[in-house]
Amino acid sequence: MAELLWLIPALPFAGALLLVLLGSRLPRALVTTIGVGSVGISAAVTLLLGIEYLSESPAFYHQVVWNWFNVAGFSPSVAFHLDALSMVFIFVITFVGFLIHVYSTEYMAHDPDYARFFACMNLFVGSMLVLVMADNLLLLYLGWEGVGLCSYLLIGFWYKEKANGYAARKAFIITRVGDTAMAIGLFMLFQTFGTLHIQTISTEAVQVWDTDARMAVIIAFLLLGGAVGKSGQLPLQTWLPDAMAGPTPVSALIHAATMVTAGVYLIARMHVIFELAPGAMMAVAVIGAITLLLAGCAALTQYDLKRVLAYSTISQIGYMFLALGVGAWSAGVFHFMIHAFFKALLFLCAGAIILALHHEQDMRRMGGLQKKLPIVFWTFLIGAASLAAVPLVSAGFYSKDQILWLQLAGENGNIWLYLAGLLGAFITSIYTFRMVFLTFYGESKTHVGHQPTMAIKLPLIILAVLSLVGGFIELPHNFGHVVLFSDFLSPILPTISVVPDFNRYEWMLQLLAAVVSLSGIFIAYLIYLKKPDLRASLHRSETAMAVHRFWHSGWGFDKLYDTLLVRPYVFLAKVNKDDVIDSFYTFLTRLAEAFHDLFSDSQTGLVRNYVMGIVVGAIMILTITIFL
Amino acid sequence: MEATFYIAGAVAVIATLLVVMSYNLIHALLYLVVSFLAVAVVFFTLGAPFMAALEIIIYAGAIVVLIIFVIMMLNLTYEDVQQEKSWLKPSVWIGPAILSLVLLAELVYLVVAVEAPGTVSVSVEAAAVGMALYGPYMLGVQLCGILLMAGIVGAYHLGRQKKKIVHRFLERRAAS
Amino acid sequence: MSSIPMEAGLLLAGILFVIGMVSVMIRRNVIFMLISVEIMLNAAGLAFIVAGSHWAQPDGQIMFIFILTMAAAEVSVGLALILQLYHHLKTLDSDAANFMKG
């Protein structure tokens, strides 16, 4: 079975190629079959491989497809490496990806660029699979840039709208900042190890560097730069809310479930280097903590349904970074998986609502949808519960609780990080249920046009089930003690050791987390449903409104970057419009023209003058031979 | 023999100067014939009698006659002599004369500066020239044949005037 | 056979060459220019003869024959060109044929 490894990314690529070349000429049914089918078969192969992997439990599967190139001893191969960590990621990518593809057939049904959409989506899935299956960092970087390209293409999918193109460019350019840092990190890794093979680097790094070695710290920070850019963390998070300009399935697949978590994958994959650089680890955790708070506050004030979800994604990835930063590797990856389920679910629900309300995204004009879109309501409620970490029933509770618990109990734990996470959880449950109450309760404001059909309902239901039961594969040890997931990952990612004294407090902390989550929901209920006066008084207060505006603009980061970077750059560009350096070349052309005029004057058309020229030349040559 | 050389040389130089300075084409051609004859005498004194004969036959004979034929075809008149006079103003002479004097000075310097200047030794027989011509210089002879053939074809082609061949530059000039 | 110094012969050739060259430069009549070129070619041939006699080799005379051949071909083609020029421009002024002026 392991020799089928290459099929997993190859199938989506083949689908993309077919659709790019022939897409516009094929009938829609065939486009659907190719677009959805390629990812579907890829998911089936993944399933087969996964079953075999679980039954055989080898360390990893490895397959060299071909040697990419060979230059001066540097010969990266196109080779795939499948271990437990990759397994988790490809499962999420292919299965969630498949569900979103199915959903898209309905969502994009009336779009004239149906084939282009599926071509980009397939290309994205292929690139993402290459990213997580690559056995060397160069191939990983290829996938990394590939998903960036697809993100650009899909954010700007409706390119006729100027703002969409702008959002696409913004996403592309900001992530490029991180990618540049990452590329430099890769160069330094290559300089040190002479290879970019991940396994080799992981085994050799421990021998080459001591803990806190300067080189290791620098490389870890550079890789972190790449991860921060891709995952929309502080300070490169501003692109993600604007990325919602793309179609909703794109937001679900790329900007919630898979691509934005590539940073998490990178850090988890290179965990050996990060462990050698405690400073970088701390930075990961701190960035995660700050990001989750900032993004949570920003999410509280958004009116656009998708923007709330976008900020929520940033915030949840902040949780994953928080987990990774304290060395709780498997907790971070676990939260990634659960987040992929419930955030994809929430986005798809949002898409169904937007479709039903004739592309209305403003929550102030929604409401009362509880009765009109029952399936969407229930699934959305499940997703929201998972996001808000409603205790016991939701998967999100188990994954988030594990992260919070390890902040305090883990060996690198820190009370401040824990408090930040707890506060974040509180904010999360407020904005999540603000969303639920504003959208589904109250009086109806917009006419419901489109009732979701099977292609939309089925992915919603499946994802809802996963969001509920997904958490049960990893339960805290005072409550069931199921450790399927961390056992699965333990050969790849080191397990975190827990300070033993804390074990008896665990139930207290869980209770605290539960209370925080429920009280957040209750506050949202009070403000947005029960007591509209409270909300009105908030609106009257000057300071509250100022804070509201500030958060609504995403803490003013866009404005900050605009004044700090964009305006000076545009100013410089305007000053240098005629290109100072170019004037040198202009001078050269002028000089050439002057000589041209001079010499063309010498061509008089008179034979006498030409003879004179020949004589002068002869005299010169003779003079030279005489005197030299 | 030596005196003959110097006298013939002086005649050649004077005749050539007169060619250059005369206004009438026919007069110039007659001086040219004199110049060629003087050079032929110089050849003779240098021990190349066959070349002297060729000089007279081809230069003084064929080439000059050819030019005279063309002059006759062009039907030149007294006005052309007047025009030649007007063209040859003294100011025209200055630049070329200076250049030529510089070049001549350099040539003289080069000739005189050469070490061990010998004298002209023996005469080379025409037979030896013939042997060399059809021995090592065979290829050159053939190339000369091709050159003459090209000359004939070229002269025939250019000399035809049945169809008026208008060059594109002239055509444009006529149009403007 | 005789005691003519080589320099004398070469100087004669040089003087004749330079006279021809001056003529090419000062004349505007194309037939005069052609005649001047003939003088120059003849002078070059003379130099070859002098050199050939000096070393008692036939090569100098052979070169003269080649120059002679070339001069003959040149005159025939040149005269044909002159005829064409006169036919088109109704003059022998070489300055009139300055269409290649840059």
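Colleague: Hi! What should I know before I start?
Modeller: The model is predicted, so local features need pLDDT of at least 70 and side-chain atom pairs count only at pLDDT 80 or more, while totals for chains, interfaces and linings use all residues. Residues are numbered from 1 along each chain as written, chains are lettered from A in the order written, and side-chain values use heavy atoms, without hydrogens or water.

Colleague: Thanks! How many residues of chain B are in contact with chain A?
Modeller: Seven, and they meet seven residues of chain A; contact means heavy atoms within 4.5 Å.

Colleague: And how much area do the two chains bury?
Modeller: About 770 Å², 85% of it on carbon and sulfur atoms. That is the accessible area (1.4 Å probe) lost on putting the two parts together, summed over both. B:Leu99, B:Leu103 and B:Glu106 supply 61% of what chain B buries against chain A, more than any other three residues.

Colleague: Is A:Cys150 buried or exposed?
Modeller: A:Cys150 is buried, with a relative accessible area of 0%. Buried means under 20%, exposed over 50%, and partly exposed in between (1.4 Å probe, protein chains only). A:Cys297 also counts as buried, at 9%.
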